[in-house]
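Colleague: I have a model open and would like to go through it with you. Shall we take it piece by piece?

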Amino acid sequence: MPGWTVIHVVETGSTNDDLFALATRQAARDRTVVVADHQSAGRGRLDRRWDAPAGKNLLCSILLDAGNRPQMAQHIVALALIEAAQEVAGVDLALKWPNDVVRVADGGSWSKAAGMLSVLVPDVGVIVGIGVNIGWAPEGGARIVTTDGRDDIAPLTMLSKLLSQIDRLRIMDDVAIIDVYRTALDTIGRRVRVEMSGDQMLEGRAIGVNDDGELIVLEACAMSHTVGVGDVIHLRDG
Ligand code: BT5
């Protein structure tokens, strides 16, 4: 993986915490990765957990210098994973806003194949933590299995493809990235419920994302809202 510094550990609490500790003491810089075979305290967003048995899935954190557009780093990593999964396994994955990588079933229901958690490190960059289900997924989750049914993709093979796709996408400008992001988003056009902080909730149709990556939701009463942070649930049409 030319140009990348990859720190591989067998066991840790959370790769995000490890990379954060390195970055805050200037011991890690742009294109540094911590990857673990197992995390004993893998983090999801909002104090939720990220689970994976040892050696089965890709669990890594990637430090990127994102200039003044930290959210772009997340989009790049999510889009890079979609490309990498296509390259390694021939599978089509999509994004559920903002950056869940999902498999979409014929009826439109989705299951999560990868989750991302980003942390800003002031003056250094953004840490994008990503967990990718390959050999294992919890009930209701999805795994990246090849189109001919193989589920023995090595997590480090996936990492290597992911990093080269990140390099490819990073040379694109923000407008081009957001265009690719819009195309990958399965959320646009769907009826959604968005759960936001403080028990706030919004229901309507997701009609697009603006140039800052915020979701635009049109309520039945024709009022539109932009949402920067929240959990999206895709609803049945009706
Ligand atoms: C996420 O949170 O999707 C962010 C996950 C980030 C994990 C990576 S692994 C490497 C790096 N180091 C870390 O410590 N974290 C990052 P969220 O949207 O909050 O989703 C968490 C929820 O997904 C949990 O509450 C479970 O319901 C579910 N979940 C847990 N493990 C899962 C898995 N392997 N696959 C699918 N869903 C899972």
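Modeller: Leu46 sits in the loop between strand E2 (32-39) and E3. Helices (H or I, at least four residues) and strands (E, at least two) are DSSP runs, numbered from the N terminus. This is a predicted model: local features need pLDDT of at least 70, side-chain atom pairs count only at pLDDT 80 or more, and totals for chains, interfaces and linings use all residues. Residues are numbered from 1 along each chain as its sequence is written, and side-chain values use heavy atoms, with hydrogens and water left out.

Colleague: Is Leu46 buried or exposed?

Modeller: Buried means under 20% relative accessible area, exposed over 50%, partly exposed in between (1.4 Å probe, protein chains only). Leu46 has a positive phi of about 50° although it is not a glycine. Its relative accessible area is 66%, so Leu46 is exposed.

Colleague: What is the phi of Asp123?

Modeller: Asp123 lies in the loop between E6 and E7. It is exposed, with a relative accessible area of 84%. Most residues other than glycine have a negative phi. Asp123 is not a glycine, yet its phi is positive, near 70°.

Colleague: Which peptide bond is cis?

Modeller: Look at the loop between E4 and E5, where Pro98 is found. Most peptide bonds are trans. Here omega is near 0°, and the cis bond runs from Trp97 to Pro98.

Colleague: Which strands stand at the edges of the sheet?

Modeller: Two strands pair if DSSP finds at least two bridges between them. The open sheet has 7 strands in the order E1-E2-E3-E7-E6-E5-E4, with mixed pairing. Each edge strand has a single partner, so one side of each is left without a neighbour in the sheet; these are E1 (5-12) and E4 (94-96).

Colleague: Is Leu81 buried or exposed?

Modeller: Leu81 is in helix H2. Not counting residues up to four places away in sequence, it touches Val101, Ala114, Ile130, Val132, Met158 and Leu162. Its relative accessibility is 0%, so Leu81 counts as buried.

Colleague: What is the angle between H2 and helix H3?

Modeller: Axes are lines fitted to C-alpha atoms, for helices over the stretch in contact, and angles run from 0 to 180 degrees between N-to-C directions. Angles under 35 degrees count as roughly parallel, over 145 as roughly antiparallel, 65 to 115 as roughly perpendicular and the rest as oblique. H2 and H3 are therefore oblique to each other. Helix H3 covers residues 155-170, the axes are 8 Å apart, and the angle is about 125°.

How values were computed:
Contact means heavy atoms within 4.5 Å.
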